[in-house]
Amino acid sequence: MAGGVFDLAIIGGGINGCGIARDAAGRGWSVFLCDRADLGSGTSSASTKLIHGGLRYLEQYEFRLVREALKERELLWGIAPHIIWPLRFVLPHHRGLRPAWLLRFGLFLYDHLGGRKRLPPTRTLNLQSDPAGAMLKPAFTRGFAYSDCWVEDSRLVVLNARDAADRGGTIAPRTACVSAERVDGLWSLTLQDVAAGTTRTIRARALVNAAGPRVAEVAGSVVRANVPAPIRLVQGSHVVVRKLYDHDAAYIFQNADGRILFLIPYERDFTLIGTTDQDYAGDPSDVRISRGEIDYLCRSTAEYLRQPVTPDQVVWSYSGVRPLFDDGSSTPQQATRDYVLKLDAPCGAPALLTVFGGKITTYRRLAETALSMLRPHLPPAARQQPGWTARTPLPGGDFPMQGFAALIASAAVRYPFMPPATLRRLFRAYGTCAEMIIGGATDFAGLGCVPGADLTEAELRYLIRVEWARTAEDVVWRRSKLGLRLTPAEIASIDTTMQHLIQDGPTAA
Ligand SMILES: Cc1cc2nc3c(=O)[nH]c(=O)nc-3n(C[C@H](O)[C@H](O)[C@H](O)COP(=O)(O)OP(=O)(O)OC[C@H]3O[C@@H](n4cnc5c(N)ncnc54)[C@H](O)[C@@H]3O)c2cc1C
């Protein structure tokens, strides 16, 4: 950082802000990123967690978006094979809805638009004999199986932030940007430490507003630049129930109202069901699933399943707000899922880039586009060339994309004392960085005990030191999903342990 001035300041530590921070830091620009809460605590931890082209966007002629997103699938799987993996989807043919030829045509395009190499192609299914048909009503005799990928969304965010920090970036969670103004040819940002209430100022040559559902609010009352912020907030909710079936494919159901419903194997013992699509007008931090949405999601399963899901089966739910670019569509589900980037740099004034929309799937391409727009407003980049993020693994992802089984097998030999399910969970979450948690332990007790699930003190220390975790909620709902297996008393106890660990020593990197 030259003269105490960052090249780039970013407001928002969701996937888009962290993706831009990683790319910029790797190219040699000095980067500052702040988030008013925990990293990934906004929309980026509330998604359906699919790296997908979006089959249904083909019907809306969003070919650019679908093509770009399809191309990203294998590429992201390659740089983060611990937290991203292939997922097969079963699409039953519903006689009253889209005809089979249309589904087959859409899936043909889906298979061929995006340079698929390793993901298996679409296959026609006889649901009367295929195990995937067993839980469907007998009327569903035919279907298709196609490929997309699964992602641990909030972990993708934190790994991008970690990599940005490892490349020299400054990451400041729990730090709100309360004002940003152009002063003497630079951006001057006033930042508030959310816990302490104290403020400080930093300066930067260029600014990115990646505040997700708060993008309009930040544009209007924080940045106060005269940039139009056409944003449409659309709520989407999911419910989690105990595992409904034993195979590892997901289902995609078409609803008569034009929406689609996913049933996805989740966290080994659960099934994830989502999502809804409804306009949202409240504070994004207050978004909660409504009784009506729970009923809608459960009711929708009744069309397809022999044994429909009922609201009393729901063990957990979550809700998020899509920050969509407002293209004037009549219904929330028709609003474009593509991203729009607006650059404001009047008469040589320091540049402001505002991010609208986008998907987890396209965050890396969004970051590349953002930096190509900002490049003329930044000093010459000293390190990596554009495109480097497509080839360089995220932390812990430095093993072959189809090498997870081999990674686990060799870890089991090195750490015979680790319970197999715990070893698998750690390597899925942290990849090769799991070694930093297990370290030199020679027995499981050496990792230190924490009441609840299989969380250890060693993992907590790692999360505090390396991944900016500060509360039990950060750990059990974002760095992991262990909250599904913990009681409120256990979560409270983890919080207490964390506060002791933070006071005693391990500091965030
Ligand atoms: C229900 C649902 C399902 C989805 N499913 C998928 C899917 O399967 N696949 C896919 O690719 N995409 C999916 N998406 C879309 C995807 O989740 C979002 O597009 C993406 O997460 C948006 O990321 P973001 O970084 O723009 O916003 P966010 O993740 O919301 O990040 C914005 C951040 O800005 C911070 N912030 C706000 N104001 C300030 C301030 N003044 N100072 C500092 N920080 C501030 C917030 O705290 C927040 O963390 C889904 C979205 C929803 C809602």
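1. How many residues of strand β18 (residues 351-356) are buried? Six of its six residues are buried, so that the strand is mostly covered, where buried means under 20% relative accessible area with a 1.4 Å probe and protein chains only. Ala351, Leu353 and Val355 point one way from β18, whereas Leu352, Thr354 and Phe356 point the other way.

2. This is a predicted model, in which local features need pLDDT of at least 70 and side-chain atom pairs count only at pLDDT 80 or more, while totals for chains, interfaces and linings use all residues. Residues are numbered from 1 along each chain as its sequence is written, and side-chain values use heavy atoms, with hydrogens and water left out.

3. Strands are DSSP runs of E with at least two residues, and helices are runs of H or I with at least four, both numbered from the N terminus; two strands pair if DSSP finds at least two bridges between them. Strand β10 (residues 199-209) runs parallel to β18 and is joined to it by four bridges, with Asn209 partnered by Thr354. Strand β17 (residues 340-344) pairs with β18 in the antiparallel sense over five bridges, and Leu341 has Val355 as its bridge partner.

4. At the ligand, a polar side-chain atom of Ser44 lies 2.5 Å from an oxygen atom, and a backbone N or O atom of Leu50 lies 2.8 Å from a nitrogen atom of the ligand. Taken alone, the ligand exposes 1,000 Å², of which the protein buries 96% (areas by the Shrake-Rupley method with a 1.4 Å probe).

Conventions:
Buried < 20%, exposed > 50% of the residue type's maximum accessible area, 1.4 Å probe, protein only. Polar contact = N/O pair within 3.5 Å; in protein donor to acceptor, adjacent residues only side chain to side chain.
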